[in-house]
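Subject: Structure for your files, with notes

Dear colleague,

Please find the structure below. My notes on it follow.

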Amino acid sequence: MIEIQDVSKRFRGSAGETEVLKGVSLSIRAGEIFGIIGRSGAGKSTLVRCINLLERPTSGKVLVNGRDITGLSVTELRKARQGIGMIFQLFNLLSSRTVFENVAFPLELAGYSKADIKATVEPLLDLVGLADKRDAYPAQLSGGQKQRVGIARALASKPSVLLCDEATSALDPETTKSILALLQDINAKLGLTIVLITHEMQVIKEICHRVAVLDQGRVVEQGPVFDIFTAPRTEITRSFVRDLVDRELPAGLQARMSAQTDGNPVLRIIFTGPSANSPVISDVVRRFAVSMNILQAHVDYIQGAPYGNIVVEAQGAEADIQAVTDYIRGIDLRVEVLGHVPGHV
Amino acid sequence: MSPVMFDLLLDALWETLTMVGVSTVLSALLGIPLGVMLVVTDRGHILERPLLNRVVGAIVNAARSTPFIILLVAIIPLTRLIVGTSIGTAAAIVPLTIAAIPFVARLAEASLREVDPGLIEAAQAMGATPKQIILKVLVPESWPGIIAGMTITVVSLISYSAMAGAVGGGGLGDLGIRYGYQRFQPEVMAVVVVILIVLVQGFQSLGDILARRLNKRQIGKSGP
């Protein structure tokens, strides 16, 4: 669908050349929601603009629907851009046009007739839930409504790709959720390929199928969202995951655990994969002569699959506890011994 | 006031309105496109032509720094070429227009530069041509500012027209000088000044209303 091949981008500034993208390669499949996450300055804005050539790569190729768009003539590129919708962090709506006229804008550019424009725009306003605002001006809308107009406008020319440039970064968490739900809905209904860039883990977790982590102009990790975030391999990815799942143990527990070599073991059970839904704690307590004291627990859902970790203090004979960890590993969950805390006896 | 004086005032008012009206329209027709050109040919803009931009910018600056009274006499040959004479209301329109064009261009340029670059980027992402970006994004988005600029132009032209009047163009300024100053009739001077004040007030209010009506950026703001 979209192939980014060894794309580099250098900018010449007053302080000499800066390389914003350093040989980025990505392959985005038709119909998926692909996220690109990075801190500010990682180059993600430039990267997403290389897909519709708002930024021209210094070197490398960008293939959209099998066609190398870096080799197109000016006219061909304009035509190709009509097949790639884009929404923006600050919406970029025309303040002098009503909601209807904003959504009609790309169709006007492409030379559609008034009747065709009306026939296209009205269903889109229904789709984004703004039919009653058709004659309002952007200044009369809330941020979430403005982004809905942006989405309707981006969809007007029936693109096969939608690029989202920090589309929810200027919105509050509640509105972000509703916009993400709309994007997911569009992805499912229209089979649209969505590429979104963000610095927010929450956005990736909520709707992306696959993700690439961009750091200082390089893709440091990419793959299915669930895999990347349950088993991050780089420090930058780990820092994003920390935003989402706080894996730090409470200070009080850490203090009690330090310098202990015996006592009750503290176990961390990590839930991923098919057994994540099974009632492990109660199973273990019923089967073995141990009791479990839950010290910290966090369960989250990434792409609908549960992911979490529970930190417990296990109380019982050493052999029984060993049997418990073997049992848990036996059903394909991960378990690690973090340390020991003094027993109560 | 004598009926003769009343007629003189009416004629002078009409001459002033003609000079200001025609030169406003002409300077808008030529100055606004020039302002657009100054913006879009600038470095990093949609029709980047840095050399052309610098040359035109220099010409505009030169025209703007020439005192109007000097411009008035300096272009007499050009005026003769265009209207056939260098005296009269029609002849006064030429220097007024030439002085107003760079003025309008700079004011239009300032409004056009305030258009959010994000809007241009969005239009480019939709496959807009440079012409479409100018006509459907840049100009409509900066209309309120351009109208405000044209209001300032009208007010300046009213004042310049008095100077043009003094060299044979007629109009209110000319009348005020001839009767009020040279023939010692201060009441004529006073009436002329009052009419000019009313004119300026009227045009300013009209321009403000128009600009406000066109400005859709600040209507009924609701929360985010």
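Two strands are taken as paired if DSSP finds at least two bridges between them. Please keep in mind throughout that this is a predicted model.

By that criterion, strand E11 (residues 264-271) and strand E13 (residues 305-315) of chain A are a pair: six bridges join them, and they run antiparallel. Within this pair, A:Leu267 has A:Val312 of E13(A) as its bridge partner. Both strands belong to an open sheet of four, ordered E12-E13-E11-E14 in chain A, with antiparallel pairing. Strand E12 (291-302) and strand E14 (334-341) of chain A are the edges, each pairing on one side only. On average, neighbouring strands in the sheet are turned by 15 degrees against each other, direction ignored.

At the other end of the numbering, strand E1 (residues 2-13) of chain A pairs with strand E2 (residues 16-28) of chain A in the antiparallel sense, over nine bridges. The two are joined as a hairpin, with two residues between E1(A) and E2(A). Opposite A:Ile4 in this pair stands A:Leu26 of E2(A).

As for chain A as a whole, the count is 12 helices and 14 strands. Its C-alpha trace spans about 80 × 50 × 35 Å along the principal axes. Of its 345 residues, 40% are buried. Among contacts in chain A with a separation of 6 or more, 69% are between residues 24 or more positions apart.

H5(A) has 13 residues and reaches 18 Å from first C-alpha to last, close to the 18 Å expected at 1.5 Å a residue. It is largely enclosed by the rest of the structure, because 12 of its 13 residues are buried. Among the buried residues of H5(A) are A:Lys146, A:Arg148 and A:Arg153, as well as A:Val149, A:Ile151 and A:Leu155. The cover over the buried residues of H5(A) includes strand E6 (84-87), helix H3 (99-109), H4, strand E7 (161-165) and helix H6 (173-190) of chain A.

A:Gln140 is found in the loop between helix H4 (114-127) and helix H5 (143-155) of chain A. A:Gln140 counts as partly exposed because it has 18 C-beta neighbours inside 10 Å, whereas a buried residue needs 20 or more. From the C-alpha of A:Gln140 to that of A:Val284, 144 residues away along the chain, the separation is 58 Å.

Next, the contact between the chains. Chain B contributes 24 residues to it and chain A contributes 22. On the chain B side, the elements giving two or more residues are helix H6 (117-125) and helix H7 (130-169) of chain B. H6(B) gives the most, with six residues. By class, the chain B side divides into 10 nonpolar, nine polar and five charged residues.

H7(B) also packs within its own chain. The axes of H7(B) and helix H8 (residues 172-182) of chain B come within 6 Å and cross at roughly 65 degrees. This crossing of H7(B) and H8(B) is right-handed. From H7(B), the residues involved include B:Ser161, B:Ala162 and B:Met163, and from H8(B) they include B:Leu172, B:Asp174 and B:Ile177. The contact of H7(B) with H8(B) has five nonpolar, four polar and one charged residues.

Regards

Conventions
Residues are numbered from 1 along each chain as its sequence is written. Chains are lettered from A and ligands numbered from 1 in the order in which they are written. This is a predicted model: local features need pLDDT of at least 70, side-chain atom pairs count only at pLDDT 80 or more; totals for chains, interfaces and linings use all residues. Axes are lines fitted to C-alpha atoms, for helices over the stretch in contact, and angles run from 0 to 180 degrees between N-to-C directions. Two residues are in contact if their C-beta atoms, placed from the backbone, lie within 7 Å. Ala, Val, Leu, Ile, Met, Phe, Trp, Tyr, Cys and Pro count as nonpolar, Asp, Glu, Lys and Arg as charged, and the others, Gly among them, as polar. The expected span of a helix is 1.5 Å times one less than its number of residues. A crossing is left-handed if the near helix is turned anticlockwise from the far one by less than a right angle, and right-handed if clockwise.
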